[in-house]
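Morning, everyone. Let me put the structure up, and then we'll walk through it.

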Amino acid sequence: MEQVKITIALIVAVLLQWTLRNVFEPFAFIDFPLIIVVYAALQGSSIRALFYGTLAGIAVDALSGGLLGANGFSKTLIAFIVSEIVRRVYVDNLLLRIPVIAGACLLDDLVYYGMHRLMGQEPTGEFVTTLAYTLIATTIAGTIIYLLLDSFFAENVRKGKREVFTQRRQTRRRNPIRLGSRR
Amino acid sequence: MLLLLLGNFALMAFDAREANSQQRVIRVWTQTSADFVQSPVTFVSSAVTNYFSSISSMRTAQSENDALKQRIQELEVEVQNNKSSTFENERLKSLLQLKEEIPYKFLPAQIIGRDTSAWFDTSIINRGSLDGVKLNMPIVTNGGLVGRVTAVSPLTAQISLITKDKSGLGAVIGALGASNALGVVSGSGKKEILEMGYVPGSIEVKVGESVYTTGQDGIYPAGLKLGEVAEVRVGSASEALKIFIQPSAKLSSMQEVAVLLYEPPPRPEFDKSLPNAAKKK
């Protein structure tokens with residue numbers, strides 16, 4: 001069920017990425033598919049996150065003037081890195097997720113830009129400006145979307161927390177009175 | 001005694017009439033005293049009646065209000081439709097004007113999407129290879145050249161704007177054939193500004209002069225208007241001028257464009273044989 005919900009969220013994110021720029025230019029700086037890919041990676045399933053990253057990236061590349069596969073590459077890499085971080089570090093908290101999405105966005109843009117330069121292409125957007133705007137817009141939008149998704153996936157979040165923190169073994173306390181009485 | 005006095009007084013009052021109006025005084029007094037009761041009662045009763053009548057009228061007003069709101073919405077939609085029809089009419093008129101200006105066949109198209117990446121600024125139009133659109137075909141508006149087709153699918157095509165295109169196109173300042181100010185125009189990376197290079201420093205270029213394509217690039221036909229000179233940076237006489245051009249097409253707000261069904265004439269093949277080798281006949 002969780003897979004279906006994330007898949008639907010990813011489809012909606014790609015559709016928003018396709019359409020919103022036509023409505024209002026600054027929406028171009030929000031990377032909706034990246035937000036969902038990072039969210040999927042934060043759930044802990046790295047294989048699924050990798051697939052989501054690749055599919056979302058290629059879908060975005062299909063309607064972009066950039067290289068086909070550049071977004072797919074960067075988002076797959078991000079999905080892998082974030083899922084590896086999640087395996088090692090506890091980030092099941094909104095405040096901890098903010099630096100994760102910001103870092104993911106920064107790295108995604110750097111990899112995307114770097115891949116284009118490596119292939120001899122030059123993106124038309126100004127490097128520093130586009131990077132800064134994308135970082136700010138995606139981090140803000142990501143934080144809001146995570147709040148919404150957390151309320152939507154509330155059951156899974158609680159389940160996830162239970163899995164992350166296994167129940168502490170409760171040691172039986174010795175009764176001091178009984179200890180005293182043994183004497 | 002008191003009763004008697006009161007009885008007599010009542011009789012007198014009953015009998016007495018006012019001198020002017022000839023009304024019985026008792027009636028006048030009764031009316032006056034009744035006023036002290038009637039007025040507050042009327043006030044309260046009218047208030048209560050008004051309250052209930054307003055409630056009953058509120059019901060009708062509510063339905064009337066709903067009907068009026070619906071009517072307003074309908075009218076707003078109608079006004080909006082009229083406005084968009086007017087805009088569309090103007091755009092189509094401008095395309096008709098374009099048909100008169102440009103001798104080539106063209107295909108009207110609508111911009112249906114923008115680039116999904118913030119790093120690029122391409123647009124998607126609703127015409128594809130099924131409509132006869134081919135790679136590198138020029139895109140124009142009534143203002144002038146907009147860009148070229150960079151990818152084609154059966155139903156849609158991707159266009160790249162001249163302001164973002166790094167590959168240069170041949171251009172001339174002033175009328176083609178009458179001016180020597182030939183150069184190469186490419187995107188400056190900035191919105192709505194083109195850069196022109198390779199114009200010799202010895203040539204005088206004025207701000208406001210029109211820039212046209214020369215057709216030497218093998219993509220765009222000659223004579224398409226690019227824009228007007230916005231700034232000229234002059235170096236030494238041996239150094240090429242750096243010219244900034246304001247595109248004449250409104251690139252940021254365009255909705256309707258036209259694909260110029262222009263294919264450049266095939267270039268003659270270069271003679272690759274060695275100078276001393278026998279020529280094939």
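One definition before anything else. A residue is buried if 20 or more other C-beta atoms lie within 10 Å of its own, exposed if 12 or fewer, and partly exposed in between. Keep in mind that this is a predicted model.

Now apply that to a glycine in chain B. Is B:Gly168 buried, exposed or partly exposed? The count inside 10 Å is 16 C-beta neighbours, so B:Gly168 is partly exposed. Where is it? B:Gly168 sits in the loop that links strand 5 to strand 6, residues 169–173, of chain B. Setting aside neighbours within four places in sequence, B:Gly168 contacts B:Val184, B:Val185 and B:Ser186. From B:Gly168 to B:Gly183 is 15 residues in sequence, and 9.3 Å in space, C-alpha to C-alpha.

Over to chain A, and its helix pair. Helix 1 covers residues 2–23, and helix 2 covers residues 32–42. Their axes are 8 Å apart, and the packing angle is about 160°. Angles over 145 degrees count as roughly antiparallel, and helix 1 and helix 2 of chain A are therefore roughly antiparallel. Their crossing is left-handed.

Who meets whom? On the helix 1 side of chain A, we have A:Ile6, A:Ala9, A:Leu10, A:Ala13, A:Val14, A:Leu16 and A:Gln17. Facing them from helix 2 of chain A are A:Phe32, A:Pro33, A:Ile35, A:Ile36 and A:Ala40. By class, that contact has 11 nonpolar residues, 1 polar and no charged.

Pick out A:Ile36. Beyond four places in sequence, A:Ile36 touches A:Ile6, A:Ala9, A:Leu10, A:Ala13 and A:Ala56.

Next, the cores. The largest nonpolar core has 44 residues. Which members touch the most others? They are A:Ile35, A:Ile36, A:Val37, A:Val38, A:Ala41 and A:Val82. Helices 1 through 6 of chain A each give two or more residues to this core. Helix 2 of chain A gives the largest share, 10 residues. Apart from this core lies another, of 40 residues, including B:Ile125, B:Leu145, B:Val211 and B:Leu251.

Last stop, the interface. Chain B puts in 17 residues, and chain A puts in 21. On the chain B side, strand 1, residues 106–114, and strand 5, residues 157–161, each give two or more residues. What classes make up that side of chain B? There are 4 nonpolar, 8 polar and 5 charged residues.

That's the tour. Questions, please.

Terms used:
Residues are numbered from 1 along each chain as its sequence is written. Chains are lettered from A and ligands numbered from 1 in the order in which they are written. This is a predicted model: local features need pLDDT of at least 70, side-chain atom pairs count only at pLDDT 80 or more; totals for chains, interfaces and linings use all residues. Axes are lines fitted to C-alpha atoms, for helices over the stretch in contact, and angles run from 0 to 180 degrees between N-to-C directions. Helices (H or I, at least four residues) and strands (E, at least two) are DSSP runs, numbered from the N terminus. Angles under 35 degrees count as roughly parallel, over 145 as roughly antiparallel, 65 to 115 as roughly perpendicular and the rest as oblique. A crossing is left-handed if the near helix is turned anticlockwise from the far one by less than a right angle, and right-handed if clockwise. Two residues are in contact if their C-beta atoms, placed from the backbone, lie within 7 Å. Ala, Val, Leu, Ile, Met, Phe, Trp, Tyr, Cys and Pro count as nonpolar, Asp, Glu, Lys and Arg as charged, and the others, Gly among them, as polar. A nonpolar core is a set of buried Ala, Val, Leu, Ile, Met, Phe, Trp, Tyr and Cys residues joined through C-beta atoms within 7 Å.
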